[in-house]
Amino acid sequence: MGLAPLVRALPETVPAAAPWPPPSWVDRPMRWAQLTLVENDPGNFAPSFWFDYFRRTRADAVCLSGGGCVAYYPTRIPFHHRSRWLGDQDLLGELIAGCRKLGMVVIVRTDPHATYDDVQAAHPDWIAVDASGQPRRHWASPEMWVTCGLGPYNFEFMTEVKRELMRRYLVDGIFINRWDGSGMCYCEHCRENFKAATGYELPRSANPQDPARRAYILWRQGRLFELWQTWERAVREINPEACVIPNTGGGATSALDMKRVGALAPTLMADRQARHGLMAPWAIGMNAKEYRAALGRKPVVGIFSVGVEEPYRWKDSVQSAAELRLWVADLVANGMRPWYTKFGAVLHDERWLKPVEDLYRRLADWETYLRNDRPLARVGVVYSQQTGWFVGNQVEDHILGWYQALIEARLPFELVHDRLLDSAHLSQFKTLVLPNVVALSDAQCRQIEAFVERGGSLVATHQTSLGNELGERRTDFGLAGLFGVSFGGKIEARMQNAYLRLEHEAAPHHPLLQGLEDAPRIIHGVSRVEVEPRATFPPAPLTLIPSYPDLPMEMVYPRVPRTDVAQVFLREQGQGRVAYFPWDIDRTFWEVLCVDHAKLLRNAVTWATNEPAPVTVTGPGVLDVTVWQQAHSLTVHLVNLTNPMMLKGPVRELIPLGEQVVTVRLPTGLRAKRVRLLAAGKVAHFQHRNSEITLHVPSVLDHEVVAIDV
Ligand SMILES: [Zn+2]
């Protein structure tokens, strides 16, 4: 079977909607707790300590370790390893009973990724095999083995484990950590199943344009969705009010199609536990947006760790209280429900207990205002898994550039999944941003055209639509008609020392150049697509100053002072507007963070959107601004990201921001009755003007919620 039929066949492996109704509990919990047991926990801690902490944190749901790697109950399944400290106790049963007394939703954690010598000896085909044909020892616990995620260990053995857990405890759900294998597996099952499905041998190359690799990317997904449904069926047969929750999902670089994930999952957990390396504090909010793009109004839960998350994995560490607060603030502001996770029931460092308790109690007080119906953002940024799978090529950096630019611009926005571009999913948006979305099918291009025909606007960058859904180069942009330009046949992959001339004379007071009035030229990006206009454009506000030598210094002068090569194409299309940058402005911005690029990105979205934003916030600092509607209220979240540790290192202290002026455009038919600042605990005075209200927020420490009763 060739690749094309495989691609077409895949959507049928998972129906458009889950065949099971969502369990009735899924929308209830707002504050999750997780206690991940370690093998020597049984008998070495007092469960009452944790019951008390769950109560004090007002947690309404919990995830408790059950089985898989280690069973914390007297399992009868052969090869299901009981904790050596368990004796004949039923620790899991005791914990479940205590949590139920507190009225909590209870799910059980399993982890199938590692196993023991007796399993390897009895079932060698359950073990993952490396590229050289050797069974894989565990990288961190070398006395253990890594299991194959796509074979009988998961499909048969772990299904039995789930059945046993569900029969014994009738819990609300089963969470499965590390369920999708640990990298490529070359075991006999993977080899035979892949060959039978696709005709290919398992790929040895990571190049997504290698036909076997592309087939593998799709086949592996099909296999995992099949596994998910196998587990779901097994669990539902015993308890129709339960579900399985595989730990899965993410953005453009994640492996499983979020469209299908969103259709299958009644609720899902986003597992980005903390910042590490060069990561902005909005990264958790981005995670929320990625999941919500696929899950819509289904509850999305954000797992945060109380410890330091770096490649060295200090799993028993404790993070600074300020860092914890900021991370959770951005998670909540972007519509996720928090889930704290603690590894090990025996505490080696208790400093996290109080900050998390304080945070959770505050969130419990705010609960009514956190039960969101919908976000009111009018800008949607597309993240493209297709581009991630089949093109790779720094797909994420283009998105991150937009994310940072829109945060700096304080423009509320959402993320949009590339395979959910139908009118229902886009109806909330005025403007769609396409950050180098290379891989688009003809049908997806038609959906984007239809969006513009309905009055929507577009801002696209670089190689957007220059590939088909498999990332294969097209002869022309799929969106050439909208851009008004055709592909010129060449991509300049690496530009050094190139600039943009700002055409203030030819395009006076152009909205794209707002804030750049005194700039005659600014830096260019790093890569650009040569294009040929096929429509008539007004004079371009940005033109190319080509690269010239950057050494020796005597040679550093422009060889060509100006050209008429436009570097942005702006058109009005009916009620909509289209802006196309034929270069990597967003990716370069993420790499270099040049403020001139931030202004261009902001101005392009503002010009394209061509209507007042749902909320404007003026004042000093960097804020993540989100705006939501609930049953009887609107909320504006202000998360103060202003901090010397914003891009690296845990935050040491929260630094209060000065006064912010907030103007909210109320949806048609709504009037504000009362406005409160939830963190400050104060009623706010506001002015009504037409459909807008304006108020002052005197200060923001980490997180303020402007709660507008309507
Ligand atoms: Zn395998």
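A pocket is an open set of grid points with protein on both sides within 12 Å along at least five of seven lines, and its lining residues have an atom within 4 Å of a point. In this predicted model, the second largest pocket is lined by 34 residues. R292, G296, R297, D373 and P375 lie nearest its centre. The space in this pocket comes to about 670 Å³. Charged residues number 10 in the lining, alongside 16 nonpolar and 8 polar ones. Several elements each supply at least two lining residues: helices α9 (283-295) and α15 (423-426), and strands β10 (337-343), β11 (374-375) and β13 (413-417). The largest share comes from β13, with 4 residues.

The C-alpha trace spans about 85 × 65 × 50 Å along the principal axes. Of the 710 residues, 61% count as buried.

Helix α7 covers residues 211-238. Its 28 residues should span 40 Å at 1.5 Å a residue, and the end C-alpha atoms are 41 Å apart, which agrees. Helix α7 is also mostly covered, with 23 of its 28 residues buried.

Helix α10 runs from residue 321 to residue 333. It has 13 residues and reaches 18 Å from its first C-alpha to its last. This is close to the 18 Å expected at 1.5 Å a residue. Helix α10 is mostly covered as well: 11 of its 13 residues are buried. The buried residues include W327, L324, L326 and L331. Charged side chains are also on the list, among them E323 and D330. After α10 comes G335, whose phi is positive, near 90 degrees.

Strand β25 (residues 633-640) is largely enclosed by the rest of the structure, because 8 of its 8 residues are buried. Buried here means under 20% relative accessible area. S633, T635, H637 and V639 point one way from β25. L634, V636, L638 and N640 point the other way, and all of these residues are buried.

Strand β25 pairs with two further strands. Strand β24 (residues 623-629) joins β25 in the antiparallel sense over 7 bridges. Within this pairing, T626 stands opposite H637 in β25. The two strands form a hairpin, with 3 residues between β24 and β25. Strand β31 (residues 703-709) is also antiparallel to β25, and 7 bridges join them. Here S633 stands opposite D709 in β31.

A loop glycine was considered next. G455 is found between α16 (442-453) and β15 (457-461). The residue is buried, with a relative accessible area of 9%. G455 and R191 are 264 residues apart in sequence. In space, the C-alpha atoms of G455 and R191 are 50 Å apart.

Technical notes. Residues numbered from 1 in each chain as written. Predicted model: local features only at pLDDT ≥ 70, side-chain atom pairs only at ≥ 80, totals over all residues. Heavy atoms only, no water. Expected span 1.5 Å × (residues − 1). Buried < 20%, exposed > 50% of the residue type's maximum accessible area, 1.4 Å probe, protein only. 1 Å grid on protein atoms, 1.4 Å probe; cavity = no way out; pocket = protein on both sides within 12 Å on 5 of 7 lines; lining within 4 Å. Points joined across faces, edges and corners; volume = space filled by probe spheres on them. Pairing = 2+ DSSP bridges.
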